[in-house]
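Subject: The structure for you to look at

Hello,

Here is the structure I promised to pass on. Please open it alongside this message, and my notes will follow below.

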Amino acid sequence: MPEGLSVTLVHYLAVSGLIFGLGTGVALSKRNAVAVLMGVELMLNAVNLTLLAFSRFSSAFAEGEEPLAGHVFVVFVLTVAAAEAAVALAMAVLVYRQRETVDLDRVNLLRG
Amino acid sequence: MESPGIILAFWIFSAITVAGCLMVLVSRNLLHALVFLVLAFLGMAGLFLTLSADFIAVAQILIYAGSIAVLMVFAIMLTPLAARDNGNSLYVLPALAAGLGIAGIIGFVAVNSPWAQLTGDALKQGDPDTTVSVIGDLLVGRYVLPFEVASILLFFGLLGAIVLVHERRGARESS
Amino acid sequence: MTADVRRPATPMEQQIREHRSLVQRALALGGGWKFILGVVGLGTLIALAAGGFLVVGGYLDGRWYDIRDLGIPTSHLVYWMQAQGLSPAVPYLTTALLGGLGILSLVGGWLVIGSWVERRVIAKFQIRQGPNRVGLFGLLQPVADAVKLMQKEILIPLGADRLLFFLPPILIFLPAMLGWAPVPWAPRMSYVDMNVGVVYVIAISSLGVLAVFLAGWSSNNHYALLGAMRTVAMMVSYEIPISLSLLSVVLLTGSLQLSQIVAWQQQYHVWLIVVLPLAAFTFLFASTAEINRTPNDIGEAESEIVAGFHTEYSGMKAGLFLAVELGNAILVGAMMSTFFLGGYTLFGLELWIPGYLILATKIGAVYFVFVWLRATLPRFRLDQLMGFAWKFLIPLAIIQLLVIAVESMVIAQSGLPGIVTVGGSIAVNLVLTFVGVRAWASGIGYVSEAAASTPLLTNTVGGLRAAERIRVVS
Amino acid sequence: MTTANEPYVLNIGPQHPSTHGVFRLRVVMDGEVIRDVDMIVGYLHRSMEKLAEERTYTQNIPFTDRADYLAAMSNNLGLCLAVERLAGVEVPERASYLRVIFAELQRIASHAMANGTMVSDAGAWQTPLLYMFREREKILDLFEMTCGARLTTNYMRIGGVSFDPPPEFWPALRELVDEMPARIDEYYSLVQDNEIFLARTQNVGVISAADAINGSLVGPALRGSGVPWDLRKAEPYCVYDRMDFEVPVGRRGDVFDRFMVRMEEVRQSTRILQQAIAQIPDGPHKTEIPLALRPAPGEVYGRVEGPRGELGFYLVSDGTPAPYRFHVRAPSLINLSLLKEMAVGASLPDAVVALGSLDIVVGDIDR
């Protein structure tokens with residue numbers, strides 16, 4: 001394999017950035033609350049990828065100090081994502097019960 | 001990260017993940033979007049595997065593809081009269097612009113920063129056999145406090161979901 | 001009117017009367033045939049014994065001939081390829097393909113005879129014959145069924161979501177095939193002996209939920225959607241007891257690696273079903289819910305919702321769903337054997353018998369239990385099933401998890417001999433299982449249904465007043 | 001504020017494994033709970049009652065075979081008794097005994113079918129059904145021996161029965177009656193300690209005694225609710241007044257009680273059979289009647305206790321060989337009317353089991 005083809009940290013960061021951007025796009029542009037949540041999950045996933053990539057490519061990984069701290073952070077992100085998804089979807093269902101819609105453009109209780 | 005298998009896997013999984021995300025953005029049906037989201041999650045798990053993160057990859061499948069996707073299925077099913085389309089809101093152009101901008105910024109920073117990263121043999125040397133035991137030691141050792149806080153968070157997440165969705169028995173009959 | 005006078009027998013009765021089993025037919029043969037058969041049989045036995053002696057004794061240098069280790073030819077192939085100076089990817093891919101082929105042929109072969117086994121065994125339970133016309137003993141019946149299914153038209157219902165209708169028969173095969181990856185068939189013989197095997201098993205099994213849901217939702221059929229929602233609710237609920245019971249296994253053995261779990265059982269000469277009876281039962285019962293088999297087959301309860309989530313599938317697509325059911329059953333059999341029944345070990349016999357044969361036998365035994373349950377038990381109701389998972393299995397599994405945590409520390413760190421610590425754990429867990437289950441059951445207000453009411457017998461007849469009189473008297 | 005769910009209509013039938021024939025239920029569901037049930041009958045309607053007005057009384061007997069095709073003997077008997085009362089035909093004693101024997105055999109066969117399919121509805125994959133079919137098979141063999149047909153027997157005649165059973169019939173019958181108590185114990189053991197079956201059937205589909213009477217339930221469904229009403233005791237026909245047997249009644253009126261009442265009735269039928277075999281006299285099996293029987297003008301309502309309950313035949317004669325009006329009071333149709341009471345508010349599996357416990361026969365409903 002030629003040297004130029006090898007996968008480096010930059011590759012992972014670029015992919016992660018792309019996914020984060022797409023996730024942002026989904027989260028901001030969708031009407032349905034569930035779709036917005038999908039975007040948020042994609043963003044969290046992109047962050048996870050970044051953390052793991054840094055963990056893998058950092059010099060600490062090889063030297064044995066602070067090994068896999070990035071992994072631990074990812075575990076916490078997964079936990080938070082799970083809790084967040086549960087609560088957010090519960091809220092979507094609750095909004096649906098109140099308004100019979102999950103269209104976020106029409107959920108405008110505060111507008112009066 | 002020079003072995004051809006890893007390189008091939010990286011590009012394939014990246015393609016799957018990014019294509020999945022794109023389809024989430026453009027597909028017109030919420031259920032289709034969900035399927036593509038799961039595809040993106042699985043591709044992401046593959047990317048994690050290329051980073052030697054076996055436990056995280058499996059946890060990704062378990063939590064995202066197995067649980068959160070099913071949770072979304074339930075949310076979609078519990079809102080039967082809501083639109084099933086994956087329509088865009090009024091702010092679609094600004095949103096896309098923001099997304100592209102963020103991606104561009106991250107990409108720019110990623111490419112232009114002089115990262116202190118391992119390459120070549122040092123990278124291969126650092127490839128761990130398993131990450132499970134190390135993660136376990138860290139979670140109940142150095143990071144035990146965040147670990148406990150996370151468990152409390154999960155508990156309250158559970159509690160909050162129940163309290164939010166709980167329907168009082170009398171409420172249904174009265175209306 | 002003598003007892004011997006009967007009407008002429010019906011053709012069916014004649015067939016039954018004239019039917020002779022293989023043994024009876026062999027006994028009815030002439031003396032010459034018996035002699036020849038006996039000599040052939042004895043010769044075969046002697047040849048087998050001699051071959052076994054040669055193989056086990058290692059006189060044939062234990063390479064190609066040693067049936068105990070199918071991996072030897074493969075490793076020779078790999079060495080040869082490395083010696084040729086090929087790129088490391090080539091042997092890697094070759095072994096991957098070979099292993100995949102092995103798993104595929106195993107599952108595929110089982111799909112061919114599995115339904116025959118199930119139908120024959122259930123037929124024996126139900127005092128009938130089962131399929132016995134196509135081929136020897138009806139062994140080709142599944143092939144005939146498959147050919148029939150392939151010839152059928154594949155219907156797509158009006159209003160179905162075509163993409164999502166197309167996907168599930170394929171998607172549902174993924175967990176059934178991928179789940180085989182970490183199963184150890186012998187020492188150092190598994191497709192991927194991954195470090196996170198148990199988590200992998202749980203994660204892969206959770207993927208099936210989505211396929212089931214998509215099948216039900218995209219069919220645009222009310223039965224299908226009802227079946228899908230039932231199945232999804234059930235699978236999501238029963239994943240928790242499965243995870244908890246596997247977690248207690250992991251705690252006790254101290255490893256997420258399937259081969260290590262088997263090695264632990266080999267080391268202490270005890271099957272985990274003895275050490276963890278409650279976890280084993282939980283796993284078995286929850287697995288039946290996970291793979292939609294009786295008594296938990298409410299997702300495709302045919303007397304209620306026809307075929308559940310795959311009502312609208314026809315032809316080979318429906319056949320795929322049915323096939324996956326068989327495949328899942330033996331996958332669960334493999335998991336059950338590996339986790340709780342000692343895997344490829346059999347108290348030292350694994351040195352003499354190939355490990356994969358032992359594992360296959362255990363898988364067959366667990367599969368027989370599934371068939372037995374199907375022939376015996378009625379089906380639960382959805383609320384009963386959910387209540388059983390949430391009110392009974394999950395709390396008990398959590399309690400057991402706490403107990404196991406203590407026990408595993410004692411086993412690992414007390415320094416006492418294994419027979420004391422593991423024996424003590426067995427005793428504690430048995431007491432916990434029997435006492436704990438009863439105490440918990442009475443604690444949540446469960447009353448056994450066994451006090452079934454028998455009808456009252458009366459000689460008087462009447463209306464409402466007579467009914468009240470009878471009730472007062474009883 | 002609640003979730004306004006779209007009405008979820010489930011169309012059970014006309015082709016469905018648990019409707020026991022071509023019969024349709026329109027069920028409005030809320031999740032797993034049933035909110036409303038519509039019973040739609042008529043898919044098997046063959047206009048029997050109208051056709052019967054063009055045929056002689058004897059020609060009408062085959063129609064009754066096909067009305068309740070699981071209890072052909074009892075249906076034959078009902079029509080014959082009604083016509084005999086209308087025309088004043090005397091029946092020889094041996095014929096009466098034969099009628100009792102065949103009616104009770106038919107009851108055992110029908111109850112075996114009913115209980116077996118009910119357990120199948122509860123989800124046991126046909127094992128109890130096939131066990132019970134073993135006995136039913138023997139009974140159908142006896143029918144075949146006697147009259148050549150197994151299901152649509154067309155055996156009873158006005159004034160007696162069509163054939164005297166052949167000599168080999170009696171040992172076969174005795175053998176069956178002798179082994180029957182052991183078989184019944186076996187069936188009890190299949191279900192009695194089965195926790196799942198009990199959980200599925202006890203306290204499910206409860207009908208109180210008052211509701212049962214108000215809904216004019218009949219047969220095991222009525223007795224399962226605790227009302228001791230059996231026409232064989234209340235209005236003995238044939239030779240039932242000479243038989244010693246008891247009427248089983250349930251305690252709670254749930255599905256399980258109806259199941260057990262049927263089981264117990266099989267036991268009582270076996271007792272009746274034993275006594276009938278012992279008592280049966282020799283003699284003619286039939287009174288000769290004219291080919292075209294012309295009863296005097298008048299009307300009659302004859303009823304028998306069939307396996308599904310009171311089976312009535314209302315006949316009006318205008319003096320011609322054909323009945324002026326021929327009406328069947330079918331037990332299945334009346335029993336079915338209470339399904340709504342049991343199903344609304346219950347879950348779908350419960351409704352299916354409750355429907356199974358009513359033991360409907362669609363031929364009987366639609367005629």
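A residue is called buried here if 20 or more other C-beta atoms lie within 10 Å of its own. Keep in mind, too, that this is a predicted model. With that cut-off, 22 of the 24 residues of α3(B) are buried, so this helix is largely enclosed by the rest of the structure. Helix α3 of chain B covers residues 54–77. From its first C-alpha to its last α3(B) reaches 33 Å, which is close to the 34 Å expected at 1.5 Å a residue.

Next, the way the chains meet. Five pairs of chains touch, and the pair with the most contacts is A and B. That contact takes 69 residues from chain A and 81 residues from chain B. On the side of chain A that touches chain B, helices α1 (9–29), α2 (33–57), α3 (59–63) and α4 each supply at least two residues. The largest share, 20 residues, comes from α4(A). Sorted by class, this side of chain A has 47 nonpolar, 15 polar and seven charged residues. Chain A and chain C, on the other hand, do not touch, and their nearest C-alpha atoms are 11 Å apart.

One helix pair between A and B is worth a visit. Two packed helices are described by the angle between their axes and the distance between the axes. Helix α4 of chain A (residues 69–99) packs with helix α6 of chain B (residues 132–140) at an angle of about 70°, and their axes are 9 Å apart. Angles of 65 to 115 degrees count as roughly perpendicular, and α4(A) and α6(B) are therefore roughly perpendicular to each other. Which residues meet there? From α4(A) come A:His71, A:Val72 and A:Val75, and from α6(B) come B:Ile135, B:Leu138 and B:Leu139. The residues of this contact divide into five nonpolar, one polar and no charged.

Now to chain D and its sheet. Strands of a sheet pair through backbone hydrogen bonds, either parallel or antiparallel. In chain D, three strands form an open sheet in the order β1-β2-β3, with antiparallel pairing. At the edges stand β1 (8–12) and β3, each with a single partner strand, so one side of each is left without a neighbour in the sheet. Neighbouring strands of this sheet are turned by 20° against each other on average, direction ignored.

The two pairings in chain D can be followed residue by residue. Strands β1(D) and β2(D) are joined by five bridges, and D:Asn11 has D:Arg26 in β2(D) as its bridge partner. Between β2 (residues 24–30) and β3 (residues 33–40) of chain D there are seven bridges. Here D:Val27 has D:Val37 in β3(D) as its bridge partner. The hairpin of β2(D) and β3(D) has two residues between the strands, and in it D:Gly31 takes a positive phi near 65°.

Finally, chain C. How many helices and strands does chain C have? The count is 21 helices and one strand. The C-alpha trace of chain C spans about 95 × 70 × 60 Å along its principal axes. Of the 474 residues in chain C, 40% are buried. Among the contacts in chain C with a separation of 6 or more, 74% are between residues 24 or more positions apart.

Notes: Residues are numbered from 1 along each chain as its sequence is written. Chains are lettered from A and ligands numbered from 1 in the order in which they are written. This is a predicted model: local features need pLDDT of at least 70, side-chain atom pairs count only at pLDDT 80 or more; totals for chains, interfaces and linings use all residues. Axes are lines fitted to C-alpha atoms, for helices over the stretch in contact, and angles run from 0 to 180 degrees between N-to-C directions. Helices (H or I, at least four residues) and strands (E, at least two) are DSSP runs, numbered from the N terminus. Angles under 35 degrees count as roughly parallel, over 145 as roughly antiparallel, 65 to 115 as roughly perpendicular and the rest as oblique. Two residues are in contact if their C-beta atoms, placed from the backbone, lie within 7 Å. Ala, Val, Leu, Ile, Met, Phe, Trp, Tyr, Cys and Pro count as nonpolar, Asp, Glu, Lys and Arg as charged, and the others, Gly among them, as polar. Two strands pair if DSSP finds at least two bridges between them. A residue is buried if 20 or more other C-beta atoms lie within 10 Å of its own, exposed if 12 or fewer, and partly exposed in between; C-beta atoms are placed from the backbone. The expected span of a helix is 1.5 Å times one less than its number of residues.
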